[in-house]
Amino acid sequence: MNKSPVNNPDARLVLVCCGTGCIANGGLDVYRALQNELNGDEGVRVDAVTKGTGCHGMCARGPFVRIMPDDINYCQVKVSDVREIVEKTLHGGEVIKRLLFRDPRSKKTVKSHRDIDFYKRQHKIALRNVGVIDPASIEDYMARDGYQSLRKALFTMTPSQVIDEVVKAGLRGRGGAGFPTGLKWKACAAVDRLPRFIVCNGDEGDPGAFMDESVMEGDPHSILEGMAICAYAIGASAGFIYVRDEYAQSVASLGKAIEDARRHGFLGKNILGTALSFDIEIVRGGGAFVCGEETALLASIEGNVGEPRDKYVFPTERGLWGQPTVINNVETWANIPFIIHQGAASFASIGTAGSKGTKVFSVVGKVANTGLVEVPMGTTLREIIFDIAGGIPNGRKFKAVQTGGPSGGCIPESLLDLEVDFDSLARVGSMMGSGGMIVMDDRTCMVEVARYYLNFLAGESCGKCVPCREGIRRFGEILTRICQGKGTVDDLNLLESLSETVQSASLCALGRTAPNPVLSTLKYFREEYLEHIIRHRCPAGICKELTEFYIDPEFCNGCGLCAKMCPSQGIAGAKKQAHTIDQSKCIKCGECVDVCRFMAVKVR
Amino acid sequence: MATNGNQLETEEQFQEIITRYPTEQRYIMPIMHDLRNRYHYLPRKALEMAAAHLQVPLSQVYSMATFYKAFSLIPRGRVRLKTCDGTTCHIKGSQTIIEEVYKNLGIRPGETTPDREFSLETVNCIGACAIAPALIVNDKVYGKVTAASLKTIIREYGGRENE
């Protein structure tokens, strides 16, 4: 009998988010304080279970505490609030208004997460358990139909029926390229060589993306179950989860889950008494972005440097140690149990013609509600950025959204109504990638953004092939030149012809997609490049050599906030009088621009 | 016998870590992870012993140690500052943090202070974008770091400002 309370609608539960973002904001301390307060008190009158859960998604407002069954959501909870929460809310049934979420647009407080726009418009499949269950409890997972899909596959379906179901669901790989998952399995199963291997790609390297992290931390069993189902479908005996070095918590969470799954007979020899034997091992990455590329990742597991190879022959035929291998991304694996449990038709009914199901995006950067968002494929950029994530804070203006990681592209305001799926993003010169979505406002310099990505990629190019190793470095040099005001108009042509070479001649996807940030910014923000080159001016006030800030006396009311915040004491002025910036002291950090509530600090 | 922090580096200790793993090439990286977690860098002697144990050429171990960013052949400081330079942190001012660390401690990414107290490196996105810019000191994550709060953090770990 499963005693987990997570599926009992009347259970008194205190869910504390212990995702990476909330822990950095003190989430663990809040969790411990709540536990102490509830366990230590002898006269406890409430029977509440405190659970440390995975990420609730709204990381900017952590630590996040949800009290069930009333569905009271408290944001930015501090240890000093804990006693009050126990006394007033848990004992007294009273809502503490001060801790409720305040809608950034209507300024009203909201109690239930179902009334918060951020959650209301989401559709959770891959994240169905994240933030709801205690990731360290296999009982919690099982109470939410966990491992029912594995049972269903093992006892009521043949391996080829499982594969057909995944094919029919139309699931495409969530790691970036969007290859149909079912076809990948089918191809691997057709290769008549044993052993076959299964790999989970958890080397989430795109800066600004943390959806895989949240699944590995918050719902590790969904990945294990997905892999075990695949093992049955294709006849694999061993699986590996390759986790990014930076994700220590993911490693811990997955490790615990694997042990528990073995103990319950979901992994190991003769799973659930059947002929299937399959086990999973965790491999920690070494901090190399290129290892997100599947052939590089396989090389890394084998104990080699992470250099990709050309894919004339796919890993489904020659993968790990030359054996047939299925490699899928974390989010893809997390979708599998849902598809088997609910059926392919249910999954395929969500999404667009070419991209089925949902997609998790990490919406970060200059948005009000930074966090993880799962929406059906085909949702528009505008809905995601403005309706769910709350738009651009501090009264600033939307400028671009960057999708697809370092090799994706920047999409301008004119395309905000684009319905997001694998194909639509590719059409506008960007890509889905793993689902990073970085929102930029008018304080972001698009030339500098392109330079940042290309420098990032230059550092991450493995160096095996010349176009990528040398080409990306040249991009970095040219873009740096432009950022310093030393560029020429001819440089723009050079960037374009270089892009063509790197795109067509590089060995793997890292190089082939590397020019995307340059090409997309050149296409949509060419004016900004020309502004740097011809007028030696950075309109966003980011490129230090080309920036001079000044305070517009017409807007400045002399509040003195900028002078107080200036790290180099470079702003002076009398109280209630317009202030001025001492250019000799200014380090161009832009703190004054960002703190001014009256938009008085401007770029010359 | 060298020391790093409070960890003694002895051949017995190296051996203890290395022999946790069977003789297979794929265990090069796990061994390097364990060494790094203990010493915060990879001592040369330990790598030689690992190569012997795994029966792979030292050059193979060396190529991996230098390819993967998680590892360093140079000792790190007692206090290890890692600035996140993921996209979000970058557009929210990680460069300013790097500049400020240089102003305060005189080190650039990849460097260690001569007294081996502080070292600085940059990492690509730690997944804490909601609280950008982020700084990790040893294993603790600090969010929304500014030039002013950085000074406080450095002082907290016993650093003196060199102004």
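Domain bounds here come from an automatic or database domain assignment. This is a predicted model, in which local features need pLDDT of at least 70 and side-chain atom pairs count only at pLDDT 80 or more, while totals for chains, interfaces and linings use all residues. Residues are numbered from 1 along each chain as its sequence is written, with chains lettered from A and ligands numbered from 1 in the order in which they are written.

**View 1. Chain A splits into domain 1 (5-113), domain 2 (138-348), domain 3 (358-441), domain 4 (446-534) and domain 5 (548-603).** Going by C-alpha atoms, the centres of domain 1 and domain 4 of chain A sit 47 Å apart.

**View 2. Chain B comes as domain 1 (3-67) and domain 2 (79-156).** Here the C-alpha centres of domain 1 and domain 2 of chain B are 28 Å apart.

**View 3. Where chain A meets chain B, 34 residues from chain A and 34 residues from chain B take part (contact means C-beta atoms, placed from the backbone, within 7 Å).**

**View 4. An open, parallel sheet of 4 strands in chain A runs in the order β9-β8-β7-β10.** Strands pair if DSSP finds at least two bridges between them. At the edges, β9 (279-284) and β10 (325-329) of chain A each pair on one side only. From one strand to the next, the twist averages 20°; axes are lines fitted to C-alpha atoms, for helices over the stretch in contact, and angles run from 0 to 180 degrees between N-to-C directions. Zoom in on β7 (197-202) and β8 (238-243) of chain A, and you find 6 bridges between these parallel strands. A:Asn201, for instance, has A:Tyr242 in β8(A) as its bridge partner. Helix α10 (220-234) of chain A packs on the sheet, touching β7, β8, β9 and β10 of chain A, and its direction makes about 155° with that of β7(A).

**View 5. A hairpin in chain A pairs β13(A) with β14(A), with 5 residues between them.** The two strands, β13 (398-403) and β14 (409-412) of chain A, run antiparallel and share 4 bridges. A:Thr403 has A:Gly409 as its bridge partner in β14(A). In the turn, A:Gly404 takes a positive phi of about 90°.

Key:
Contact = placed C-beta atoms within 7 Å.
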